[in-house]
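Hi everyone, thanks for making time. Let me put the model up, and then I'll walk you through a couple of spots.

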Amino acid sequence: MTILQVIWFILIAVLWTGYLVLEGFGVGAGMVMPMVAKTDRERTQVQKTFGPVWDGNEVWLLTAGGATFAAFPEWYATMFSGMYLALFLILFCLIVRICAIEWRTKVSSAAWRGRWDSWQSIVAWLVPILFGVAFANLVQGMNIAVTQFNTPGEAVAGAADLSKHVHNFTSQGAPLGSVFLSLLTPYTIAGGVMLALVFATQGLAFLALRTTGEVQNRAKNLLGKFAIADTALVAIAALWGQFLYASQAMAWIPLIIAALAFIATVMMALRGSEWGTLLAHSV
């Protein structure tokens with residue numbers, strides 16, 4: 001591994017972190033909207049908190065994908081072909097979410113806005129679940145077959161010629177031989193639910209900071225409960241992945257940092273500190 005590869009890997013990690021933190025509060029606010037906003041006026045208040053910034057936050061995702069393609073094209077190709085259906089579903093959910101945000105004000109009707117708000121909440125839950133399943137698969141490992149190819153008339157290359165090898169995700173051991181179903185295991189499902197709770201907590205922390213009135217009160221009341229729930233599930237999923245799939249002792253370092261940040265999140269949430277909760281949870 002070269003220093004340039006390490007730099008690119010760190011850059012991609014930074015881009016994904018920026019997306020998860022910033023889009024996390026936007027998607028999370030949509031997830032918890034039915035819980036904190038009971039009227040059309042309150043739902044509009046929630047929408048206005050992230051409406052002006054959602055498109056800027058999406059740029060982090062686009063740049064992360066572009067950086068992966070530019071720096072690690074084989075990784076990009078293998079992942080996007082093997083996870084094609086899951087990534088297609090994420091893209092579809094993001095499109096529906098964008099339509100819900102942008103189109104809800106195009107017709108002056110509370111029923112029209114209510115339908116789009118409902119759709120937004122549904123797809124907002126699906127996005128982090130699907131992303132969590134994808135990330136957990138990268139931790140767990142995927143069934144990838146290495147095959148060798150040659151151009152017509154070319155002699156068979158030696159085993160050491162990596163430029164003549166391609167990596168294809170297979171459905172080995174999956175129910176019904178489905179590539180998509182092979183992505184779903186107890187660990188990856190736990191990863192999906194974990195990321196959904198993390199997004200929801202991020203959204204509640206943001207709404208507690210950015211709203212007023214009844215919406216803010218409901219967000220504050222739910223924030224402590226969600227912070228405790230997502231801290232517990234993150235601990236389970238992180239230790240699960242660490243003991244089963246980690247091969248480096250250094251992997252404990254980010255886990256310890258995350259544990260301290262989640263404990264701080266719970267403490268800040270129970271103390272009623274909106275800024276402290278959002279900052280600790282972002283860490």
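Let's begin with L278, which sits in helix α11, residues 274-282; helices here are DSSP runs of H or I, at least four residues, numbered from the N terminus. This is a predicted model, so local features need pLDDT of at least 70 and side-chain atom pairs count only at pLDDT 80 or more, while totals for chains, interfaces and linings use all residues. Residues are numbered from 1 along each chain as its sequence is written, and side-chain values use heavy atoms, with hydrogens and water left out.

Is L278 buried or exposed? L278 is buried, because its relative accessible area is 9%, and buried means under 20%, with a 1.4 Å probe and protein chains only. Leaving aside residues up to four places away in sequence, L278 touches Q202, A205, F206 and L209; a contact is heavy atoms within 4.5 Å. I228 is 50 residues from L278 in sequence, and their C-alphas are 14 Å apart.

Now over to M1, in the segment before α1 (3-36). M1 is exposed, because its relative accessible area is 87%, and exposed means over 50%.

Conventions:
Helix = DSSP H or I, 4+ residues; strand = E, 2+ residues; numbered from the N terminus.
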